[in-house]
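Here's a quick briefing to read with the model open on your screen.

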Amino acid sequence: MSTENYYEILGVSRDATQEEIKAAYRKAALKYHPDRNPGNKEAEEMFKKASEAYSVLGDPQKKAQYDAYGKVGNYGGINWDSDIFDDFSDLFGSFFGFGDIFGGSRRRGPQKGSDLRYDIEITLEDVYKGLEKEIEIPLEEICEDCSGSGAREGKKIRCPACEGRGNIFYQQGFFSVSRTCPQCAGEGYIAKEKCSSCKGTGKIHRTKTIKVKIPLGVENGTMLKVSGQGEMGLRGGRRGDLYIAVFVKEHPIFKRKGSDLLCKINISLPEAVLGTEYEITTLEGKKKKVKIPENTQNGKIFRIEGMGLPSINGRRNGDLFVEVNLLTPHKISKEEKELWQKLYELEMKKSEKKESFFKRIFKGE
Ligand SMILES: [Zn+2]
Ligand SMILES: [Zn+2]
């Protein structure tokens, strides 16, 4: 699977209409069509990429899915690279202003709640099998008992310090200086009595458990969007969204490239020369035999079709690539040494007939 952004491949913006996407695809397809570019590998690659991009973006349902499961940094207006999302407490910094609810001077329209981000680390086995996990999200909600006012039964009185003006004046030399009233924070009203449920803050902290399904074949860094599970909106605004950033731990044996897996196996020299069967434990925990034929060279890569990871777009599984690493013996017995000596002599004889691999190496051929 290509790792490039489909929007970039077609050269359209994220809010492009279906007509624009179609037009962009038609243009790319005409330009890179193999019939027009015979033997041009690059054009062929571009043609394939554009077709793949269009197969997703040209289908509103697939497009929506792609938008939701897109990669880090693709979400408009949210800078996921920034550290500010590393801590939930930072997100709580956006507080619910009581003044607005209580007819303060800065009455505004509905405001969508803050988005939340949750980081989750999974294993390569989870990528293979898929994962359903319950996660706990810390949430800040408006206190129901006081409707977020922080005042018991919502009752507020005019601030005695500023008499409802929100500012207090004091004399400094000849000047009368105004500053925000410290008692009511400029609101002009204070709670008659503090709400006991929220201790006057107007906010309640709680955790919510939600079940998340991590899709098969998920890529490292994928951002899953869970709509409407973020923080509460203000003044009737809708809830924010929850973004789950999925990080895949490195596997001790298998390396990943898209949906393909790569691993190295150690084979002794006699095994490589005579051929053998090597048993691999797959991500499923199953044993799989790999046939190593006679005279296998160091670095030889065997491809086992369909033994890679499932692909996120539901295509066939990736492949498993097994690379042979030849091991030279560390310690050999007297008997082995004699045999290697014999082998060496045979090789030397062959070298006179220009057949030896020793000779090939010495000559650098
Ligand atoms: Zn005041
Ligand atoms: Zn309260």
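Predicted model: local features only at pLDDT ≥ 70, side-chain atom pairs only at ≥ 80, totals over all residues.

**The hairpin and its other partner**
- β10 and β11 make a hairpin, with 2 residues between the strands.
- In the turn you'll find Gly258, whose phi is positive, at about 60°.
- To get your bearings on the pairing, look for Arg256, which has Leu261 of β11 opposite.
- β11 also pairs with β15 (residues 320-327), this time in the parallel sense and over 8 bridges.
- A handy landmark for that pairing is Asn266, which faces Asn325 in β15.

- As a reminder, strands of a sheet pair through backbone hydrogen bonds, in either a parallel or an antiparallel way.
- Another spot to look at is an open sheet of 3 strands, ordered β1-β9-β8, where the pairing is mixed.
- On average, neighbouring strands here are turned by 25° against each other, ignoring direction.
- β1 and β9 (residues 242-248) run parallel and are joined by 7 bridges.
- Within that pair, Asp119 has Ala245 of β9 as its bridge partner.

**Nonpolar cores**
- The largest nonpolar core has 17 residues, and Leu242 and Ile244 are the ones touching the most other members.
- Elements giving two or more residues to this core are β1, α7 (124-129), β9 and β15.
- Which element gives the largest share of this core? That's β9, with 4 residues.
- The core also draws on two domains, taking at least three residues from each of domain 2 (83-155 + 192-244) and domain 3 (255-363).
- Click on Leu242 and, beyond its neighbours within four places in sequence, you'll see contacts with Leu116, Tyr118, Ile137, Val226, Gln229 and Gly230.
- Another core, of 15 residues, lies apart from this one and includes Phe47, Ala50, Ala53 and Leu57.

**A look at Ala28**
- Ala28 is found in helix α2 (residues 18-32).
- Is Ala28 buried or exposed? It has 20 other C-beta atoms within 10 Å, and 20 or more is the cut-off for buried, so Ala28 counts as buried.
- Skipping residues up to four places away in sequence, Ala28 touches Leu10 and Ala50.
- Phe47 is 19 residues from Ala28 along the chain, and their C-alpha atoms are 7.1 Å apart.

**The whole chain, and where to be careful**
- The protein chain contains 10 helices and 15 strands.
- It has 365 residues, of which 21% count as buried.
- Taking contacts with a separation of 6 or more, 62% are between residues 24 or more positions apart.

Key:
Residues numbered from 1 in each chain as written. Chains lettered and ligands numbered in written order. Pairing = 2+ DSSP bridges. Axes fitted to C-alpha atoms, helices over the stretch in contact; angles between N-to-C directions. Buried ≥ 20, exposed ≤ 12 C-beta atoms within 10 Å, placed from the backbone. Contact = placed C-beta atoms within 7 Å. Core = buried A, V, L, I, M, F, W, Y, C linked by C-beta atoms within 7 Å. Domains from an automatic or database assignment.
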